[in-house]
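Please keep the sequence and the 3D view open as you read.

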Amino acid sequence: MENINFDTALERLEDIVEQLESGQLALEASLALFEEGVKLSLYCQKELKKTDGRVQRLFKKLNGELELIELDV
Amino acid sequence: MQDYITVGMLNSYITRLLDHDARLQDFWLKGEISGFRLYQQSGHIYFTLKDEEASVSCVMFKSKGQHLTFKPEDGMEVLLRGYVSVFARQGKYQVYVEEMQPYGTGGLFLYLEKLKARLAAEGYFALEKKKKIPRIVNRVGVVTSQDGAALQDILRVIKQRHPGVEVILAHSSVQGNEAPRELAQGVQILNEYGDVDVIIVGRGGGSLEDLMAFNSEELVYAIYHSCIPIISGVGHEVDFTFSDLTADLRAATPTQAAQLAVPDFSLLQKDLTSLSKRMVRFMQRTLSNREERLDRSMMTKVWREPGILLQRQQDILAETGNRLKRAMEGKIQDKTHHLALAAAGIDNLSPLKVMTRGYAILTKDERVIKDVSAIEIGDVLQADLANGRLQVVIKGKEKMKNGKYQF
């Protein structure tokens with residue numbers, strides 16, 4: 001599950017569900033895919049709830065450093 | 001000593017003369033730009049305006065120049081409005097430009113067409129360079145004015161669709177002289193910051209001139225070189241700017257840009273739930289199906305009474321044994337019969353058996369007589385019969401020739 005992002009996780013999950021539903025797989029293969037699918041689903045759920053909706057403004061200071069300040073909008 | 005005036009007095013006199021001529025205080029002038037210079041420090045613009053017959057120095061101060069909607073360059077035909085005055089230090093008169101626009105049938109359009117053709121030829125609008133917009137985003141970078149309506153639209157839509165998404169604003173003016181540089185810099189510092197998934201560049205509607213910063217080369221370069229996917233949302237549906245063409249995705253308006261950047265959270269949530277449900281349902285169905293099959297096979301007699309399986313094998317074994325035995329017995333009988341027949345045949349061929357039927361064997365000196373020529377009349381021979389031996393004397397002989405006896 002390393003090097004994964006939401007998009008690839010969701011695509012893989014869709015792929016897994018289609019493969020499962022095709023009904024062409026042996027039980028062992030199905031179970032392995034199912035296990036992977038559950039992990040992906042949990043990962044996606046987590047990604048969806050990750051952020052907190054702040055609004056910030058990004059500045060570049062004279063010394064070249066970047067600074068973020070909260071914006072009240 | 002002659003009376004004289006100073007150079008300064010001369011120049012201020014001339015200045016007054018010119019300043020009092022109303023016709024020189026506000027007029028439109030057409031010509032071709034040459035020797036264009038923009039002084040970075042002061043922001044003032046200097047150039048010479050010329051036509052076939054004449055030329056005149058022009059200056060456009062920063063306060064006026066920052067409202068320019070295009071980038072003047074040498075060779076460009078322009079129409080400008082200004083007034084004439086004297087630059088006393090050099091003793092020359094010049095045109096002080098108030099406003100300026102490209103000249104010709106839609107001069108601005110011509111300028112834009114030319115720029116567009118060049119940018120296109122240089123590959124800035126190439127479709128194969130477009131980056132994919134990610135399906136979900138956690139952080140959205142926005143380059144627009146902090147005070148504009150566009151920002152409010154964008155924030156409102158983002159809150160509606162996914163309240164969790166963070167917004168990082170890189171403030172920039174969106175029209176005027178500074179706008180191209182500030183917009184480009186906004187894109188650049190968001191790239192430098194790096195932690196945004198997508199960038200929206202945009203502003204609300206306005207005149208073609210108002211939107212010109214979004215046609216600027218600076219912004220086009222910045223968008224083209226951005227490592228983060230960019231959605232451009234400028235003006236209204238009908239407005240197409242070069243930033244739209246360069247961006248990875250063009251939205252008709254800032255509002256639509258926000259819709260394209262941020263997926264509807266509840267829809268996504270629903271998608272995800274439905275996928276999980278389908279997966280679990282499939283697995284349950286599969287497992288219960290296997291269970292059922294297993295149950296069914298465990299129900300059969302074989303599993304409940306495994307002895308049956310053995311009994312059947314024993315039966316088969318016994319039956320096979322019997323069949324083998326029967327087959328062998330048949331074969332033996334057959335052979336015995338054949339043997340008896342053969343023995344009977346051998347018996348019939350025995351010389352003793354032949355003699356019982358009246359035949360005799362003649363011998364002379366222990367040798368069996370088969371040829372009459374070997375026997376002389378008066379020879380004494382033995383005749384063996386079935387039940388004894390006779391001594392016989394030959395009284396005469398005949399030889400068989402061609403089926404007849406001969407003497």
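How many of the 6 residues of S7(B) are buried? The count is 5, so S7(B) is largely enclosed by the rest of the structure. Buried here means under 20% relative accessible area, exposed means over 50%, and partly exposed lies in between (1.4 Å probe, protein chains only).

A word on the ground rules: this is a predicted model, in which local features need pLDDT of at least 70 and side-chain atom pairs count only at pLDDT 80 or more, while totals for chains, interfaces and linings use all residues. Residues are numbered from 1 along each chain as its sequence is written, chains are lettered from A and ligands numbered from 1 in the order in which they are written, and side-chain values use heavy atoms, leaving out hydrogens and water.

S7(B) belongs to an open sheet of 7 strands with mixed pairing, in the order S2(A)-S1(A)-S7(B)-S6(B)-S8(B)-S9(B)-S10(B). Strand S2 (66-70) of chain A and strand S10 (249-251) of chain B stand at the edges with a single partner strand each, so one side of each has no neighbour in the sheet. On average, neighbouring strands are turned by 25 degrees against each other, direction ignored. Helices (H or I, at least four residues) and strands (E, at least two) are DSSP runs, numbered from the N terminus. Two strands pair if DSSP finds at least two bridges between them.

| Strand pair | Sense | Bridges |
|---|---|---|
| S1(A) and S7(B) | parallel | 3 bridges |
| S6(B) and S7(B) | parallel | 6 bridges |
| S8(B) and S9(B) | parallel | 5 bridges |

Gln56(A) has Ile168(B) in S7(B) as its bridge partner, Val143(B) stands opposite Ala170(B) in S7(B), and Val201(B) stands opposite Ser232(B) in S9(B).

**Helices around it**

Helix H4 (residues 149-161) of chain B lies across S1 of chain A and S6, S7 and S8 of chain B, running at about 165 degrees to S6(B). Axes are lines fitted to C-alpha atoms, for helices over the stretch in contact (heavy atoms within 4.5 Å), and angles run from 0 to 180 degrees between N-to-C directions.

The chains also meet through helices: H2 (residues 27-48) of chain A packs with H9 (residues 265-299) of chain B at about 160 degrees, their axes 10 Å apart. That makes H2(A) roughly antiparallel to H9(B), a term for angles over 145 degrees.

How values were computed: Angles under 35 degrees count as roughly parallel, over 145 as roughly antiparallel, 65 to 115 as roughly perpendicular and the rest as oblique.
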